[in-house]
Every structure is written in C-alpha cells, then in structure tokens.
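Open the model in your viewer and keep the selection tool at hand. We will go stop by stop.

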Amino acid sequence: MQTVSEHEVIVVGAGPGGATTATALAQQGHDVLLIDRQSFPRDKTCGDAISLGCIQIMNNLGMGDKVRDAVARGEFYRLDGMRLVGPSGHVLEADFKRGANGEESYVASRIYYDAVIQQQAVDSGAHFLHAEVKAPIIENGYVVGVMAQANGETKAYRSRIVVGADGVTSSIMRALRPEAEQHEDKHRAVALRAYIKGLDLFAHQVEFFLYDDILPGYAWIFPISEDTANIGLGMRLDRFRDLKKNLKKMLQEFLEMPAIKERAKNGTELRDVAIWQLSFGSQKNMQYAFDGALLVGDAAGFINPITGGGIHNSLISGILAADTITGALGSGDVSRERLKIYEQRCHDEMWSGMRRSYFYQRILLNYPGLIDGLIKYLGRNSGVAQAFISKL
Ligand SMILES: Cc1cc2nc3c(=O)[nH]c(=O)nc-3n(C[C@H](O)[C@H](O)[C@H](O)COP(=O)(O)OP(=O)(O)OC[C@H]3O[C@@H](n4cnc5c(N)ncnc54)[C@H](O)[C@@H]3O)c2cc1C
C-alpha cells in the first residue's frame, strides 16, 4: 500500500480532545496531521455545557480572542448559575463563580464550539485532513500510522505516534484495547439531545431534573439563547436495558410533566433530535497507552459518571497526551513502557473525581429520598451545587 505522507504525530478525531492535542503539539513545534471524517463546522450530539475549566485551558492555548468573538456573535451563551430540581420538585440553586481572570461558563452548540478549537489547531500549524480512519497500521506490535479513506480511496498515512481521539466509538481504541477491557454497561450511558423553542426559559441558568424514572441519570434544559434551549435526558445503560426504556418516549413524558408543560403554553418546536452514547471514567484499570499510540477524551472513556460531562476531561487529557508525546519523541522511545506515564498523569488528574462521582451516582440510584431531602435542606448557593457544576 502506497504511503501518502509521513508525520511525527497523527491525531485521529478533531473534536475537543483531538483538536486540543493537535494544538498543543503544533505549538510545541511538532509536525501533526489531524484527521476527521467530518469537515468543520459540524454538529456533535451533546448538552453543550462548557465549564469554566474548558475556557481556562482554551485561553492558555491562545484562544481568548476566538472565545470573545464567539460570545460577541451570540454563539457562546453565558451561564450565571444552575437549578437542580429534585424528585419532589424542591429546587437547589447556585450561582457560578468566575475564574481568576474573569473566565465564565457557557452553553455553546458544538457546531460552534468545536470549530473554534479545530481552527486553533490549524492556525497553530497542524495539517487537517478530511478522511475516515479505518484502522491503525501495526508493525512489530507498534502503531506506525493509520489507513484512512478519502474520496473512495483508502491510503496509508505514517507517523511515529498515533493519538486516538475519535470519540466513544473509536476505531483506534477498538483495534488496540483488549476485548476484556471494554466498558461494562454500568459504566456507560445513552442520552438524547434536541433543541427546543417555545419553552419559558430561565435566562443564563442551566436546569437539571432528577426524578424516579430516570435516576441515576437526569433530564436537562440548557439555554443556548433567550428563546432556544438544548434539552435532553440520559440514563445509565444497564438500567436503560433492564427497564426497556425508549428515550424519545421519555422526552415526550418529560415535556408532559405539569411543571414543564405549564412553561410551554403556546406549544413547542423540537429540532435535531439525536441519540448518542457515553463511556464513564469510573471503570478501573483501563489502558490508554500502547506501543506507538495514546487514547484521549471519549476514546479513552473520560466522561464524568454523574454529570455526563466529558469536554473538560477531553481537553485535560489532550494537554497531558501532548506533553507525554513531546517527552517520548525527544527520548526516541515511543514504547508503551515510555508512554505509560500518561496513564499515571490521567489517573492523578481525574481518578479521585471519577470515583467520588460514581459513589454519588450509586446514592442517587439507591436512595432517591435522601437526595430529595438534601436538595430541600441545601436550598441556595451551597458548595454541593458548585461542586456538581464544576464536574461538568
Ligand atoms: C447527549 C450527550 C450530552 C452531553 N452533554 C455534555 C455537556 O453538556 N458537557 C460536556 O462537557 N460533555 C457532554 N457530553 C460528553 C461530550 O460530548 C464528550 O465528552 C466530548 O464530545 C468528547 O470529546 P472528544 O473530542 O473526545 O470526542 P468527540 O467530540 O466525539 O469527537 C470525536 C471526533 O472524531 C471524529 N471521528 C470519529 N471516528 C472517526 C474516524 N474513524 N475517522 C476520523 N474521524 C473520526 C468525529 O467525527 C469527531 O469529530 C455529552 C454527551 C452526550 C452523548
């Protein structure tokens, strides 16, 4: 098979995780090929909540102006706080803090958000290729590139390291991670997202709804503007299968709940209904480093098991991957032994939060009454509410 090009690093997937990895690597002077099967801008099924931590990382990578421009164009909608509605209708409210440099949280449709980071990767010097990666190329046990299809032709692209940042259904992850290490259903979820018009919204507030039929998941209403919101719901996969649920039907039932229905007096308009999967970072002993390859973001499975948030962890893992790769290329050693430090760094950065969230998730599942009481007791501006949103 003819080789089209050779690079130091190939990053597969230009979502938040891959584009961050490519940006950081290009800024460190590496020759990077960033491949995505979609051209940008493109949609990604998501709740679109972008935490303060994401904006801080983006600013560190030089995206401050791009974020300000997106806010000015109305593509990033500022968040001031949250409302958490419990099973009996009690509400816990919290204001969001700003970052030390004035950074804020947003709801930003992924069609806009992802385009900002993908563009930053290109502006930083990464080469972008619109192609679908079919499989890693493996020689003597090492990943040495990928086979990718563009315009009906499959060709070889070679590199010293490949980063799999191609999301939850990652072709790189499936080829490299042993079958026994795939995510179990209790560490996975399914979720539906749509955009809704016609509902009375709480301006600049995200809303989470916990109720018996959905626990330990939740439904959400996240405004993207004064009149439109991202609406959706998600469930843990084992519960979803056991209860034989249907997400579209569950959304209709949510919209029929009296507290929601009274906010839609003139009817609602739904668009872009889509369903996608999530893999939580709460499963132990998962492998993210291989001979010649690393996994980043959803491809590794870094979603928080209580909030379903994964963008911040994708960015964090992208930065850690880039630093690990720079060290490995410098030493001339891209073996798993050398790259394994990435697993340790991800563990140090994310594992305690993942386990704590998994513990809260089990409380939500087994003691919903306790949650009701807590929400009633905590009321407004508690540290718990702040902690919840900081995990997004
Ligand atoms: C319904 C839902 C709601 C969510 N809500 C939130 C939220 O509000 N906030 C939050 O922080 N997180 C949320 N998440 C999680 C969040 O969407 C992910 O954690 C995040 O998108 C992970 O980023 P990523 O870059 O790792 O992967 P992705 O964003 O999935 O990007 C992967 C990229 O790889 C490309 N790709 C895939 N396969 C190939 C291939 N074979 N060849 C080439 N390219 C390929 C895709 O086109 C895509 O661009 C939600 C998830 C779901 C499903």
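How many of the residues of strand S15 (residues 228–236) are buried? Select the strand and check: 9 of its 9 residues are buried. This is a predicted model.

Now show the side chains of S15. Thr228, Asn230, Gly232, Gly234 and Arg236 point one way. Ala229, Ile231, Leu233 and Met235 point the other way. In a regular strand, side chains alternate between the two faces of the sheet.

Strand S12 (residues 188–197) pairs with S15 in the antiparallel sense, over 9 bridges. Pick isoleucine 196: its bridge partner in S15 is alanine 229. Strand S14 also pairs with S15 in the antiparallel sense, over 6 bridges. Here isoleucine 221 stands opposite isoleucine 231 of S15. S14 and S15 form a hairpin, with 4 residues between them.

Move on to the ligand. Select the 36 residues around it; Gly17, Asp36, Arg42, Gly47 and Asp298 come nearest. By class, this shell has 13 nonpolar, 14 polar and 9 charged residues.

Zoom in on oxygen atoms of the ligand. A polar side-chain atom of lysine 44 lies 3.1 Å from one. A polar backbone atom of aspartate 48 is 3.3 Å from a ligand oxygen. For isoleucine 311, a backbone N or O atom lies 3.0 Å from a ligand oxygen. The protein buries 96% of the 1,000 Å² that the ligand exposes when taken alone.

Which elements give two or more residues to the shell? They are H1, S9, S14, S16 and H9. S16 gives the most, with 3 residues.

Last, colour by domain. Domain 1 and domain 2 both give residues to the shell around the ligand, so the ligand lies between them.

Conventions: Residues are numbered from 1 along each chain as its sequence is written. This is a predicted model: local features need pLDDT of at least 70, side-chain atom pairs count only at pLDDT 80 or more; totals for chains, interfaces and linings use all residues. Side-chain values use heavy atoms; hydrogens and water are left out. A residue is near a molecule or strand if one of its heavy atoms lies within 4 Å of it. A polar contact is a pair of N or O atoms within 3.5 Å; within protein, one must be able to donate a hydrogen and the other to accept it, and residues adjacent in sequence count only if both atoms are side-chain atoms. Accessible areas come from the Shrake-Rupley method with a 1.4 Å probe; for residues, only the protein chains shown count as cover. Ala, Val, Leu, Ile, Met, Phe, Trp, Tyr, Cys and Pro count as nonpolar, Asp, Glu, Lys and Arg as charged, and the others, Gly among them, as polar. Domain bounds come from an automatic or database domain assignment. Buried means under 20% relative accessible area, exposed over 50%, partly exposed in between (1.4 Å probe, protein chains only). Two strands pair if DSSP finds at least two bridges between them.
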